[in-house]
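Biologist: Pick one part of this model and walk me through it closely. Once that part is clear, tell me how things look elsewhere in the chain.

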Amino acid sequence: MTLDSSLLDDTPKTGGLKAAALGTWGVVFLVISAAAPLSVLAGVGPLAVLIGGVSAPLVYAIAGVVLAVFSIGFLFTARNLKPMGGFYTYIAVGLGKVVGLGAGFLAWASYNLLQIGLWGLFGVMAEGMLAQVFGIQMPWYVVAVIGAVLVFGLAAAGVDVGARVLGVLLVLETILLAILAFGILSQRAGDLGFATFAPENVFTPSMFAILGFGFAAFMGFESTVLYRNETRNPTRTIPRATYIAVAFLALFYTGTLWLVIQAFGDAAVQGVIAEDPAAFFFIAMGQYVGEWGVAVMFVLIVSSIFAGQLAFHNAINRYSFALSRDGILPPLFKRTNRAGSPWVAGLIQSVVAIAVVIAFGAAGLDPLTQLLILVNSPGVYGIITLQLLASIAVLIFILKNRQLERKWYVLPAAIFSIVSMTGLLAVLVATIDYLTAAGPAINAIILAVVPLILVGGAVYAMVLRSNRPEVYARIGGAEQPGGEPAGADEAGAQPVGSEHVEAR
């Protein structure tokens with residue numbers, strides 16, 4: 001199997017994304033912000049401890065290790081396939097165009113679901129923050145609509161502008177939590193406990209039940225590859241940004257949650273959380289930093305969610321751009337402005353998000369138990385499924401392109417990723433109620449979304465193969481002269497003339 005030389009071309013074939021707009025730290029800020037780390041810690045971290053016990057911080061470390069290993073094969077594929085497209089491109093090359101288009105639709109839908117669902121959380125937190133900190137009363141859905149408009153405006157201003165804003169917000173979050181950590185360590189230096197790391201607390205059924213919390217906290221980290229056409233020296237920038245993001249999130253989640261547990265002690269912490277999980281971090285901040293820290297934390301939690309929404313919005317736009325580039329979505333989705341932003345795709349995404357928010361608000365539905373759970377949860381399962389498909393695609397890519405130079409550990413990493421992602425997906429399906437807190441009927445619908453989108457995309461690819469072969473040939477980003485597949489095989493790699501990929 002040889003690779004199509006067009007897959008090695010760094011130059012975008014269509015559209016006008018802004019070249020060399022981002023360095024390593026710009027990409028890092030974009031992908032870490034997608035995870036909204038402060039809001040994950042304050043919102044989900046206490047529930048993880050309540051359900052999983054004092055060893056809950058370790059699920060974030062476990063997720064970090066697994067995703068770092070996953071990244072080895074994922075980034076090997078990214079290094080050798082230049083078109084921007086993320087999961088969509090890599091799965092199309094490894095598993096064929098039929099599965100690839102299903103994956104492209106699933107990636108596009110999953111990021112949209114994650115972003116739209118999180119407007120419920122943003123609205124609730126922003127409503128509470130405005131009321132308590134500034135004395136302003138505003139319905140959650142109005143605040144969410146304002147947030148969506150601001151996200152669109154920042155994204156349209158350019159990916160580099162958004163990265164700078166996200167960088168400032170992330171630094172502020174980190175500084176505040178560092179102050180909290182200093183307060184806890186200075187006041188409880190002699191009372192620190194290490195039950196978190198005790199084997200009898202780690203290897204329990206309840207820890208398996210919260211594994212989904214750990215992996216969900218890294219949502220969006222793999223979107224580094226979506227910015228390759230907008231980065232300086234992407235061959236170095238993208239891997240560095242990916243590993244930095246995973247390492248930072250793993251340490252940030254694990255270390256911070258362990259320290260806040262120590263604020264109350266291993267034996268007492270679950271009792272404190274049980275009284276009011278949502279107040280857990282605020283109580284610690286008030287006790288060890290002061291009321292000013294509580295107010296600042298409230299503001300920064302809202303800004304953390306906002307930052308995540310901006311990062312997801314940018315990722316969605318780039319999937320829209322890639323699908324439009326290949327003729328799957330209408331051409332207007334790849335239209336860019338002077339800042340190199342796919343603004344039309346962003347406008348459409350924002351209008352849809354605002355319409356959903358207004359509909360939920362007008363119907364009087366709960367923004368957390370209904371908007372967040374009903375819309376966000378299928379996105380979580382979609383991303384995990386894509387990670388499994390990408391792991392399989394990486395293995396096939398390696399086996400069919402043995403001439404490509406690689407480190408000895410790339411192949412074992414790909415195999416480990418398949419095993420771990422399969423196990424993770426099985427655990428997540430079995431423990432879905434811990435992740436969603438919804439009933440059996442809702443959970444069944446949530447689980448059905450992913451296969452329905454995959455099958456729908458695959459069927460559409462087969463229709464294209466029969467009726468529009470020139471579009472089918474471009475699935476995954478490999479454009480052929482004259483629209484012909486030039487000997488394409490079902491794995492998605494097409495040789496063009498005598499041009500082959502030489503071993504590096």
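Modeller: Let's take the second largest cavity, which is lined by L75, A78, R79, R228, P234, T235, I238 and P239. Two elements, α4 (57–80) and α12 (234–262), each give two or more residues to that lining. The largest share, four residues, comes from α12. A cavity here is a set of points, on a 1 Å grid over the protein atoms alone, where a 1.4 Å probe fits but cannot get out, and a lining residue has an atom within 4 Å of a point. Helices are DSSP runs of H or I with at least four residues, strands are E runs of at least two, and both are numbered from the N terminus.

Before going on: this is a predicted model, so local features need pLDDT of at least 70 and side-chain atom pairs count only at pLDDT 80 or more, while totals for chains, interfaces and linings use all residues. Numbering starts from 1 along each chain as its sequence is written, and side-chain values use heavy atoms, with hydrogens and water left out.

Back to the cavity: the space in it is about 40 Å³, where a volume is the space filled by probe spheres set on grid points joined across faces, edges and corners. In total there are three cavities of 30 Å³ or more.

After α5 comes G96, with a positive phi near 100°.

M207, in helix α10 (residues 205–209), is also buried, at 5% relative accessibility. Leaving aside residues up to four places away in sequence, M207 touches G52, S55, A56, L58, V59, N201 and V202, a contact being heavy atoms within 4.5 Å.

Overall, the protein has 21 helices and zero strands, and 59% of its 504 residues count as buried.

Definitions and conventions
Buried means under 20% relative accessible area, exposed over 50%, partly exposed in between (1.4 Å probe, protein chains only). On a 1 Å grid over the protein atoms alone, a cavity is a set of points where a 1.4 Å probe fits but cannot get out, and a pocket is an open set with protein on both sides within 12 Å along at least five of seven lines; lining residues have an atom within 4 Å of a point.
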